[in-house]
Amino acid sequence: MALFDKYAPLMGQFESLESTGHNPFNVSFDRVLSPTEGMIAGRRILLLGTNNYLGLTYDPHVIDAAVAATRSLGAGTTGSRVANGSYGGHRQLERHLADFYGRRHCMVFSTGYQANLGILSALAGKDDHLILDADSHASIYDGSRLGHAQVTRFRHNDPDDLDNRLRRLADTPGDKVIVVEGIYSMLGDTAPLREFVEVKRKWGAYLVVDEAHSLGVLGRTGRGLAEAAGVEDEVDFVVGTFSKSLGGIGGFCVSDMDGFDILRVASRPYMFTASLPPAVVAAVTEALNQLRHRPALRQQLMDNARRFHAGLADLGFHVGPEASPVVSAIMPDPKTAFAFWTRLLEAGLYTNVSLPPATPKGLALLRSSVSAAHSRSQIDHALSLFATTGRELGLIPAEPAIPAWVKHPTANLAHEPQDALAIGFRNQLLARLAAPSKVMAKYYSAFRRQSPRRARIVGDK
């Protein structure tokens, strides 16, 4: 038996995708032109699947900071901070992050994945308990395995089930650490954080919130869901990443807990990984500065997110329960998702395919991520391509539905459409919304039965 025979089923699926000429898991860009456009096979492509929420990857101040740091401090650090020491930029970035969150302590990691790996494996050992939302990111699950803690899952975004799980563990020795996310990366829904805090307080547990997708998105100053929900004092640890709103790479954890710095020598992923290079540290530090001083970016981001989310829903697609920068259209099955993705790419739109086991409840998703850098015309053009492809595949009604900017004039959507097809939608208003097609309704109904949370706008209190 060859070493890789165990991957034969996966290899077959991968080779099948490669044979089509369009593999969503192996896309190669000729060049990325801006936060919203790139080149693939010599063609200009609209980017709607990059997680570049604030569009800071091409910000001139961020780029200048990275260039200056490289010229003065070199290309890399060639080792971990434990072995090779911390550069001044590492400590400065940690101070800036701690100040931003109003916390006393901060640790910076080389990736967001490693932040969860390093923090969770160090917080909970073999005699402790990690209580995880069932839809947690892979890095959370992997972090729980690395520390050998006892893992208990509770139903996604269900405070009652969390309460039941902790009740069963009440007489069990060991610390109990609850882990939830601010915005979940597949459907873009948020955690009912206030309710989780009440449960946490009731049972004397600790609470970790992963704000990877909500940093720079939610809250009055962009600190995330805990700020938006008004419960920051009840969150013991905030974990996040630099690879979304801050446009870089790396991760962090902030806390007010006494003794926090012992994690620097207790966290193996922190101790045994080369530290971030000076260019990345400088770029992220400047990106954080931009986030703090340009609140209009968050407003533009959420305007775009609401516009796209409402637009897909109005066309007849089934989407996640609330508007956020993560906007996913639920597909009937993986085959349809691949076909849809391929047609969008051929039409000039790049988005993501998300499949089980990475998705909740076995859903096949066309996952898009909206940026503050997208123009209204780009959002409307993406909607028109989704509309054309959805009709071609029989997933939505043949006739156009009432467009979002007409149906939701009070939701920051009252703008003139920008392209010809969008203008055509406006001029062909229907008397009522077209009903979703039966093939989509079947799958969405099953999803809604398993996800009873009410729909709400991200950031509402």
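His148 is exposed, with a relative accessible area of 56%; exposed means over 50% relative accessible area, buried under 20%, and partly exposed in between, computed with a 1.4 Å probe on protein chains only. The model is predicted, so that local features need pLDDT of at least 70 and side-chain atom pairs count only at pLDDT 80 or more, while totals for chains, interfaces and linings use all residues. Residues are numbered from 1 along each chain as its sequence is written, and side-chain values use heavy atoms, with hydrogens and water left out.

His148 lies in the loop between helix 6 and strand 6, where helices (H or I, at least four residues) and strands (E, at least two) are DSSP runs numbered from the N terminus. Its phi is positive, about 65 degrees, although His148 is not a glycine. Asn51 likewise has a positive phi, near 65 degrees, in a residue other than glycine. Asn51 belongs to the loop between strand 3 (43-47) and helix 2 (60-73), and at 16% relative accessibility it counts as buried. A further backbone feature is the cis peptide bond that joins Pro356 and Pro357, with omega about 5 degrees. Pro357 is placed in the loop between strand 13 (352-354) and strand 14 (364-369).

The largest pocket holds about 800 Å³ of space. On a 1 Å grid over the protein atoms alone, a pocket is an open set of points with protein on both sides within 12 Å along at least five of seven lines, and lining residues have an atom within 4 Å of a point. Grid points are joined across faces, edges and corners, and the volume is the space filled by probe spheres set on the points. Of the 40 residues that line the largest pocket, Ser136, His137, Ala138, Ser185 and Ala358 are the closest to its centre. Helix 5 (112-123), helix 6 (138-146) and strand 9 (237-241) each supply at least two lining residues, and helix 6 gives the largest share, five residues. By class, the lining has 15 nonpolar, 15 polar and ten charged residues; Ala, Val, Leu, Ile, Met, Phe, Trp, Tyr, Cys and Pro count as nonpolar, Asp, Glu, Lys and Arg as charged, and the others, Gly among them, as polar.

The whole structure contains 13 aromatic pairs, a pair being two rings of Phe, Tyr or Trp (its six-membered ring) with centres within 6.5 Å; planes under 30 degrees apart count as stacked, over 60 as edge-to-face and the rest as tilted. Phe25 and Phe338 form an edge-to-face pair, 6.1 Å centre to centre with 85 degrees between the planes. Because Phe25 lies in the loop between helix 1 (8-19) and strand 1 (31-32) and Phe338 in helix 14 (residues 334-346), this pair ties together parts that are 313 residues apart in sequence. Phe25 is partly exposed at 45% relative accessibility, whereas Phe338 is buried at 18%. The rings of Phe154 and Phe196 have centres 5.5 Å apart and planes at 75 degrees, so this pair is edge-to-face. Phe154 lies in strand 6 (residues 150-154) and Phe196 in helix 8 (residues 193-203), so the pair ties together parts 42 residues apart in sequence. Phe154 is buried at 1% relative accessible area, and Phe196 is buried at 0%. Ring pairs also link Phe100, Tyr101, Phe242 and Phe252 into a cluster.

The count of disulfides is zero, a disulfide being a pair of cysteine sulfur atoms within 2.5 Å. The sulfur of Cys106 is 7.6 Å from the closest cysteine sulfur, in Cys253, and is therefore too far for a bond. Cys106 is buried, with a relative accessible area of 5%, and Cys253 is buried, with 0%.

Technical notes
On a 1 Å grid over the protein atoms alone, a cavity is a set of points where a 1.4 Å probe fits but cannot get out, and a pocket is an open set with protein on both sides within 12 Å along at least five of seven lines; lining residues have an atom within 4 Å of a point.
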